[in-house]
Amino acid sequence: MLDQRILPGEVLYLDFNSAEEVAAAIRDMVIRGAPAIGAAAAYGLAVELRQSDSDDLELLSEKYGKADEVLRASRPTAVNLFWALDRVSNRVNDTTFTTAQELKDFVLAEAHLIAKEDVEICRQIGLNALELIPKQATAVHHCNTGGLATVGYGTALGVIRTAHENGHDISVLVDETRPRLQGARLTAWELKQLGIKHKLIVDGASGFYMKQGQVDFCVVGCDRVAANGDTANKIGTYNLALAAYAHGIPFYVAGPTSTIDLSTASGDDIEIEERTDTEVLLVGEERIAPEGTEVGNPAFDVTAAKYISAIITEKGIVYPPFVENLKALFD
Ligand code: MRU
C-alpha cells in the first residue's frame with residue numbers, strides 16, 4: 001500500500017502480510033477512502049489465507065472467519081468495507097472447495113475482481129456525470145476521492161477528471177479538510193499530477209467563494225448513503241452542503257452503488273466514527289491548543305437528502321425523491 005499518511009512529502013509503499021496488519025493499516029489510515037478500504041479488506045482476507053501453509057480446509061475456513069471479523073472491526077462508517085467482506089464470503093459460501101489451495105486462489109481472484117471493477121465503475125461514474133458539468137465551471141471538492149481513495153480513478157474527483165479529459169474547463173476549490181488534511185495533502189497532489197487547475201482553501205472559505213458567485217457546483221464522495229438519500233461523508237461535508245443550499249448551488253454526491261446501503265433507513269442510523277483527539281490537537285508534530293483542551297473529533301457527518309441535488313453512480317444519476325429512486329436503481 002502507498003502510505004497515505006505521509007503524502008505528499010514522501011512516497012513510500014508498505015507491505016502487509018496478515019488480516020490483522022491490513023486492519024491496522026485501515027484503522028491508521030495508511031489506506032483510506034470508502035472504495036479503497038473495501039478493496040483492501042478483500043485483499044486482507046487473501047493475504048491472511050496465503051500466509052498459511054496448512055492443507056487443512058477446515059482450519060483455513062476457521063482462519064478465514066477470524067480474518068473477516070478482524071477486518072470488520074477496523075472502521076465503522078464506510079459501508080464498502082462490509083460490502084466487500086460480504087461479497088467475498090457470500091461467494092465463498094456459494095462455492096464448494098476440495099482443497100485449501102482452491103479457497104486461497106478463489107479469495108485472491110475475488111479481491112482482484114473487486115479492484116478491477118472499481119476502476120471501471122469510477123470511470124463510468126465520471127462519464128455519467130458529464131451531462132451535469134458545465135463546459136466551464138468552478139467546483140468545490142471536499143476530502144480526497146481520487147485514485148488514492150479508490151482503486152485507481154476516483155469518484156467525485158473522477159467526475160472532475162472525466163470532465164477535464166473531455167475538454168471542460170474546470171477549476172477546483174480544494175477544501176483542505178481538517179483534521180487529516182486529505183484535501184491539502186492528497187487531492188492537491190492528485191490534481192497537480194492531472195494538470196487540473198485548483199486552489200487550496202481552508203474549509204471555512206467555501207461560503208465566501210459562493211457568495212462571490214465564484215462556485216458553480218460542489219461534488220463530494222460518500223461513505224454510506226442511506227435508503228432515504230442521507231449521506232455520510234468526511235466531516236465538513238454537511239456544512240458545505242448547507243452553504244451550497246443557501247446559495248442555490250448544485251450539490252452532487254458521487255459514489256459506486258456499493259456505497260448505497262438500503263438496509264440503513266436514514267442518516268440517523270449510520271454509525272459515525274470518533275477518532276483520537278491528537279488528530280485535532282496536533283498539526284504535524286506541533287501542538288496547537290493548550291494542554292488539557294477537550295476535543296470532539298467525529299470523522300464523518302451526515303448530509304440530509306434534501307440538501308443533495310443528485311447522487312451520481314455507475315448505474316446512472318439518481319435525483320430526488322431518493323427513497324423511490326434509489327430503490328429503483330437496485331430493482
Ligand atoms: O476518513 P477518510 O479519509 O477515509 O474519509 C474519506 C471520505 O470521506 C471520502 O469522501 C469517501 O470515502 C469517498 S472516497 C471515494
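The following paragraphs go through a predicted model, taking aromatic pairs, a helix contact and some backbone features in turn.

The structure holds five aromatic pairs. In one of them, Phe-217 and Tyr-252 have ring centres 6.0 Å apart and planes at 45°, so this pair is tilted; the angle falls between the 30 degrees under which planes count as stacked and the 60 over which they count as edge-to-face. Phe-217 belongs to strand β4 (residues 217-220) and Tyr-252 to strand β7 (residues 251-254), and the pair links parts of the chain that are 35 residues apart. Both Phe-217 and Tyr-252 are buried.

A second pair joins Tyr-245 and Tyr-307. Their ring centres are 4.7 Å apart and their planes stand at 85°, so the pair is edge-to-face. Because Tyr-245 lies in helix α9 (residues 237-247) and Tyr-307 in the loop between β11 (300-303) and β12 (310-313), the pair ties together parts that are 62 residues apart in sequence. Tyr-245 has a relative accessible area of 47% and is therefore partly exposed, whereas Tyr-307, at 14% relative accessibility, counts as buried. With Tyr-238, these two tyrosines, Tyr-245 and Tyr-307, form one aromatic cluster. Another ring, that of Phe-300, has the charged end of Lys-234 sitting over it, 4.4 Å from the ring centre.

Next comes a helix contact. Two packed helices are described by the angle between their axes and the distance between the axes. Helix α2 (residues 34-51) and helix α3 (residues 57-72) have axes that come within 9 Å and cross at roughly 145°. The crossing of α2 with α3 is right-handed. Residues making the contact include Ala-41, Leu-45 and Leu-49 of α2, and Leu-60, Tyr-64 and Leu-71 of α3. By class, the contact of α2 with α3 has seven nonpolar, two polar and three charged residues.

The backbone features remain. Most residues other than glycine have a negative phi, and most peptide bonds are trans. A cis peptide bond, with omega about 0°, joins Arg-178 and Pro-179; Pro-179 is in the loop between β2 (169-175) and α7 (182-194). A cis bond with omega about 0° also joins Pro-320 and Pro-321, and Pro-321 is in the loop between β13 (316-318) and α11 (322-330).

Phi is positive at Met-29, near 70°, and at Cys-143, near 65°. Met-29 is placed in the loop between α1 (19-27) and α2, and its relative accessible area of 3% makes Met-29 buried. Cys-143 lies in the loop between β1 (136-141) and α6 (156-165); at 6% relative accessibility, Cys-143 counts as buried.

Terms used
Residues are numbered from 1 along each chain as its sequence is written. This is a predicted model: local features need pLDDT of at least 70, side-chain atom pairs count only at pLDDT 80 or more; totals for chains, interfaces and linings use all residues. Side-chain values use heavy atoms; hydrogens and water are left out. Rings of Phe, Tyr and Trp (its six-membered ring) pair if their centres lie within 6.5 Å; planes under 30 degrees apart count as stacked, over 60 as edge-to-face and the rest as tilted. Helices (H or I, at least four residues) and strands (E, at least two) are DSSP runs, numbered from the N terminus. Buried means under 20% relative accessible area, exposed over 50%, partly exposed in between (1.4 Å probe, protein chains only). A charge sits over a ring if NZ of Lys or CZ of Arg is within 6 Å of the ring centre and within 35 degrees of the ring normal. Axes are lines fitted to C-alpha atoms, for helices over the stretch in contact, and angles run from 0 to 180 degrees between N-to-C directions. A crossing is left-handed if the near helix is turned anticlockwise from the far one by less than a right angle, and right-handed if clockwise. Contact means heavy atoms within 4.5 Å. Ala, Val, Leu, Ile, Met, Phe, Trp, Tyr, Cys and Pro count as nonpolar, Asp, Glu, Lys and Arg as charged, and the others, Gly among them, as polar.
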